[in-house]
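Trainee: Could we go through this one together? I'd like to ask as I go.

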Amino acid sequence: MLPGPGARKEKNVDIVVLLKQVPATESLIQVADDGVSIKTEELKWVINPYDEFAVEEALRIREAQGGSVTVLSVGTDKAVEAIRTALAMGADTGVLVNDPAALGKGALATARVLAAAVKQIPFDLVIAGQRAVDADQFQVGPAVAEYLRIPNVSMVIKTELLDGSIRCHRTIEGGTVVVESPLPMLFTTQRGLNEPRYASLPGIMKAKKKPLETKTLADFGLDAGALEGPTARIRALSPPAERGGGRIIEGESAAEKAAALVKALHEEAKVI
Amino acid sequence: MGLGRDEMDKSVSEDFLRLKQQVVQFIEQDLEPVHLQVEESAEIPEHLVDKMRRLGLFGLSIPRDYGGLGLTTLEEILIYEEITKTNACFRSRIGTSNGIGSMGILYDGTEEQKRRYLPRVASGEWTAAFALTEPDAGSDAANISTQAVLDGDSWVLNGTKQFITNADTAQFFTTIAVTDETKGASGGVTAFIVERDAPGFVVGPADVKMGLKGSHTHELVFKDCRVPAENVIGGMARVGQGFKTAMRVLDKGRLSMGACAVGAAQKVLDLCVERVQRELASGMAKADLQAEMFALADMATQLYAARQMLYSTAIKKDEGRNVTQEASMTKIFCTEMASRIAGLAMDSFGEEGILTRSRIEIFLRDVRLYRIYEGTSEIQRIIVSRNLLKNSRSRA
Ligand SMILES: Cc1cc2nc3c(=O)[nH]c(=O)nc-3n(C[C@H](O)[C@H](O)[C@H](O)COP(=O)(O)OP(=O)(O)OC[C@H]3O[C@@H](n4cnc5c(N)ncnc54)[C@H](O)[C@@H]3O)c2cc1C
């Protein structure tokens, strides 16, 4: 029997999604004048693509099992936009930790803040992107699991919820492994997990009315001093070397050109 | 205040901008990659229609109380402008249902009719179509001859309609028929809701058209077709008022047509700009491209003018002012502008443009149709000029 509207399904799963707002991957990235950061004024900001998979997976699990989806982000006022988009996709509540003391201190400090925030939310499952496509550190998800003292499974491409546990298919080099973990646990997403939905237009209108709390470190009993600075410091940033121009293979006939091309691909580029 | 595109973005809500951004992303990621496939197969893949449903696109102008988004005219136009930058039939699939097909019920329907039909249109579960045109009544819509006679507790319809958009997918048709031959358009014509499974109702094969190939029009045949007495739009009290309903529906459609023309023209201009940039990058001198450069300037200027008309008329309409005159002028100018721009683009693309299914060729054929339906350019000129004479007489 299907539960009626509002009825609690038996296996309600409360899920927290860790979400970061990042520059859109198609943005033109330019090094700022300080030489150690990037220019942010002109950038278009989006939800980290791996976190979009996380939101989608959370929504699918909630749709199948019942429960709730909370989106949690550490960021500035700007990140409200990303949280609202996740709410428009269907998440229930948003929490933004907006505190200058929480920013720019590196992945471990971010993970500590997120873990402290997650502790205040009832949860069975935490889902995070495997990495944020801005700094590509792969650290925050596993570190949050560590601070929360819960199991972590990375790079997940398929999930199956069981009674009190979850089966995750994770990619490894050349294959996949299937692991089972008791709940509560944290997993990080890998491309292929799902196809994130668009925020529906009615969803966008409803999102404005959904709860979105803003918190500071004080709300978690953390003081700024407790967060040690970044363990690694950026000394310099430089754009990758520009690609050189192409080369036009010369020759009298098509056959001659093809032969020269094959030779070049084999001997110089070493691709065939 | 200037009314360029970016300025316009500043005068709509942030909510709306987020919504528009979502639609633009959908267009770029899902619709644009298949625009040619849709042109060749003359079909929109069903999974894309499903995505449109899930996005909420079928409810743009249906009020929120009936499950739609309740957008203003201006907002709806800004969405249509985006969606007509890709294959024009995507807009038809949505806009006919969420427009002429269901607006009669929204404007003049009973509460019960609104509750039965509008939420299903808004969710995309049901498609709506509008059936006015007949073999002997196109521009001269008052000349329709499809008859409806009350027999007990049902109406019996007899006659033929043609060029009915979305007739293949529609679950119901807002159908205009004569109920009193002695009275003509004012008092003798009534609007009905005909559901697809009504006995005696047949949808003919799709017309093969020069443009809008993925959007199908069909003939409808009513042969002793029975519909329940309560299917008069607005109930029995509105028997004889159907011509007014039809005209009000078409009034609104004119601005939508303007938006389609502006969207298509913008895309054509963008393609032309890219082409000139490519020519310059490949070493052509600006002096050798002067004709193309001037054409770009002419296109942009006309497009800018058209957009001002469109936006300012939409804003006036949203303020509750009567815009019959402005809407007709906007339809003339925007749709004819789009044809001119597509023609100029053809000049500058040359042989690359005339190839069947080149982007420019498709636009050239598609925008031509905008000058015909929902009132031809000539009919709009009649409306505009009669209004001018009427107003000058009242002033004298
Ligand atoms: C793609 C497409 C979709 C359509 N979808 C629908 C639909 O969903 N529902 C529906 O009911 N109809 C639909 N139509 C029909 C459309 O509304 C008619 O084609 C239109 O009203 C013109 O009527 P007609 O084709 O009979 O041309 P006619 O009225 O015969 O006109 C032929 C020409 O004569 C001109 N003309 C006519 N009268 C005058 C006059 N008094 N003075 C000067 N010039 C005049 C016209 O402007 C036109 O150039 C559609 C048409 C097209 C092309």
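Trainee: Which domains does the domain assignment give for chain A?

Mentor: Before that, this is a predicted model, where local features need pLDDT of at least 70, side-chain atom pairs count only at pLDDT 80 or more, and totals for chains, interfaces and linings use all residues. Residues are numbered from 1 along each chain as its sequence is written, while chains are lettered from A and ligands numbered from 1 in the order in which they are written. Chain A has domain 1 (13-226) and domain 2 (241-272); the bounds come from an automatic or database domain assignment.

Trainee: How many Å separate the centres of domain 1 and domain 2 of chain A?

Mentor: Over C-alpha atoms, the centres of these two domains of chain A are 45 Å apart. The C-alpha trace of chain A spans about 80 × 50 × 40 Å along its principal axes.

Trainee: How many helices and strands in chain A?

Mentor: Chain A has six helices and eleven strands. Helices (H or I, at least four residues) and strands (E, at least two) are DSSP runs, numbered from the N terminus.

Trainee: Is Ile234(A) buried or exposed?

Mentor: Ile234(A) is exposed, because 11 other C-beta atoms lie within 10 Å. The cut-offs are 20 or more other C-beta atoms within 10 Å of a residue's own for buried, 12 or fewer for exposed, and partly exposed in between, with C-beta atoms placed from the backbone. Ile234(A) sits in the loop between strand E11 (212-215) and helix H6 (254-267) of chain A.

Trainee: Which residues have the most contacts inside the largest nonpolar core?

Mentor: Those are Val17(A), Leu114(A), Val144(A) and Ala261(B), in a core of 178 residues. A nonpolar core is a set of buried Ala, Val, Leu, Ile, Met, Phe, Trp, Tyr and Cys residues joined through C-beta atoms within 7 Å. Helix H10 (residues 242-281) of chain B gives the largest share of this core, 14 residues.

Trainee: What does Ala261(B) touch?

Mentor: Leaving out residues up to four places away in sequence, Ala261(B) touches Cys334(B), Thr335(B), Met337(B), Ala338(B), Val367(B) and Tyr370(B). Contact means C-beta atoms, placed from the backbone, within 7 Å.

Trainee: Changing topic, how many residues surround the ligand?

Mentor: The ligand has 19 residues around it, and the closest are Thr133(B), Gly138(B), Ser139(B), Thr376(B) and Glu378(B). A residue counts here if its C-beta atom, placed from the backbone, lies within 6 Å of the molecule. By class, the shell has twelve nonpolar, six polar and one charged residues. Ala, Val, Leu, Ile, Met, Phe, Trp, Tyr, Cys and Pro count as nonpolar, Asp, Glu, Lys and Arg as charged, and the others, Gly among them, as polar.

Trainee: Which domains does the shell draw on?

Mentor: Domain 2 (128-242) and domain 3 (244-395) of chain B each give at least three residues to the shell.

Technical notes:
Contact = placed C-beta atoms within 7 Å.
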